[in-house]
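These are my notebook entries on one structure. I wrote down what I looked up, with the cut-offs where a term first needs them.

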Amino acid sequence: EIPEIIDNQADEFSDLRFINHINKELNKLYNLLNKNTVLILAPVTTPLHLKKKNNILKSKIKSDENVNRLRIINLINEQIKSFQKKNVIYFDTIKILKKYENEKVFIDDCCHLSKNGALKISEHLNEILNE
């Protein structure tokens, strides 16, 4: 549940602090690697990222809460995707799940995968691990 925050609007400076924090945490993870390990990074994937097949779901995206939520998630995802270093693999779960209807790969409006969604992701992850 998203708490009500009054008089605490996001702006260019808060976004920059947030981006810097994400990059700092990514670098902490990266510094834990050794030459024989690989870091697999995946974007935060929600039903808001996927194609919608009906107007009711499309209208959900337009709510202020979802617009702000998607903006924040996209800030995180941009940092994850641009974190290109040796032994780091970007695993694009959004691209994989876009092929399916939300109801078939998510169990809620947040980000929790259904059994079918987890299976689709695990199949692709297995391909990466086998390489």
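**Entry 1: Tyr 30 and its neighbours**

I began with a charge over a ring: the charged end of Lys 85 sits over the ring of Tyr 30, 5.0 Å from the ring centre. The rule I used asks for NZ of Lys or CZ of Arg within 6 Å of the ring centre and within 35 degrees of the ring normal.

A note on the source before going on. The model is predicted, so I noted the limits: local features need pLDDT of at least 70, side-chain atom pairs count only at pLDDT 80 or more, and totals for chains, interfaces and linings use all residues. Residues are numbered from 1 along each chain as its sequence is written, and side-chain values use heavy atoms, with hydrogens and water left out.

I then looked for aromatic pairs. Rings of Phe, Tyr and Trp (its six-membered ring) pair if their centres lie within 6.5 Å; planes under 30 degrees apart count as stacked, over 60 as edge-to-face and the rest as tilted. By this rule I count one aromatic pair. Tyr 30 and Phe 83 form that pair, edge-to-face, with 5.9 Å centre to centre and 75° between the planes. The pair links distant parts of the chain, 53 residues apart: Tyr 30 is in helix H1 (residues 12-31), and Phe 83 is in the loop between helix H3 (64-82) and strand E2 (88-90). For the element names, helices (H or I, at least four residues) and strands (E, at least two) are DSSP runs, numbered from the N terminus.

Phe 83 is buried, because its relative accessible area is 8%. Tyr 30 is partly exposed, with a value of 22%.

**Entry 2: Asn 87**

Phi of Asn 87 is near 65°, a positive value in a residue other than glycine. Asn 87 has 24% relative accessibility and therefore counts as partly exposed.

**Entry 3: salt bridges**

How many salt bridges does the structure hold? I found two, taking a salt bridge as a side-chain nitrogen of Lys or Arg within 4 Å of a carboxyl oxygen of Asp or Glu.

In one of them, the side chains of Arg 71 and Asp 15 meet at 2.9 Å, N to O. Arg 71 is partly exposed, at 30% relative accessibility.

The side chains of Glu 25 and Lys 28 also meet in a salt bridge, at 3.3 Å, N to O. Both residues lie in helix H1, three residues apart, about one turn of the helix. Glu 25 is partly exposed at 31%, and Lys 28 is partly exposed at 45%.

**Entry 4: the loop between H5 and H6**

Leu 113 lies in the loop between helix H5 (102-105) and helix H6 (115-130). I listed what Leu 113 touches, with contact meaning heavy atoms within 4.5 Å. Not counting residues up to four places away in sequence, Leu 113 touches Leu 97, Val 105, Phe 106, Ile 107, Ala 118 and Ile 121. Leu 113 is still partly exposed, with a relative accessible area of 32%. From Leu 113 to Thr 45 I read 9.3 Å, C-alpha to C-alpha, across 68 residues of sequence.

Asp 108 is found in the loop between H5 and H6. At 27% relative accessibility, Asp 108 counts as partly exposed. The C-alpha atoms of Asp 108 and Thr 46 are separated by 9.1 Å, and these residues are 62 apart along the chain.

**Entry 5: the whole protein**

The protein has six helices and two strands, and along the sequence they follow the pattern α-β-α-α-β-α-α-α. Of its 131 residues, 30% count as buried. Among contacts between residues at least 6 apart in sequence, 74% join residues at least 24 apart.

Terms used:
Buried means under 20% relative accessible area, exposed over 50%, partly exposed in between (1.4 Å probe, protein chains only).
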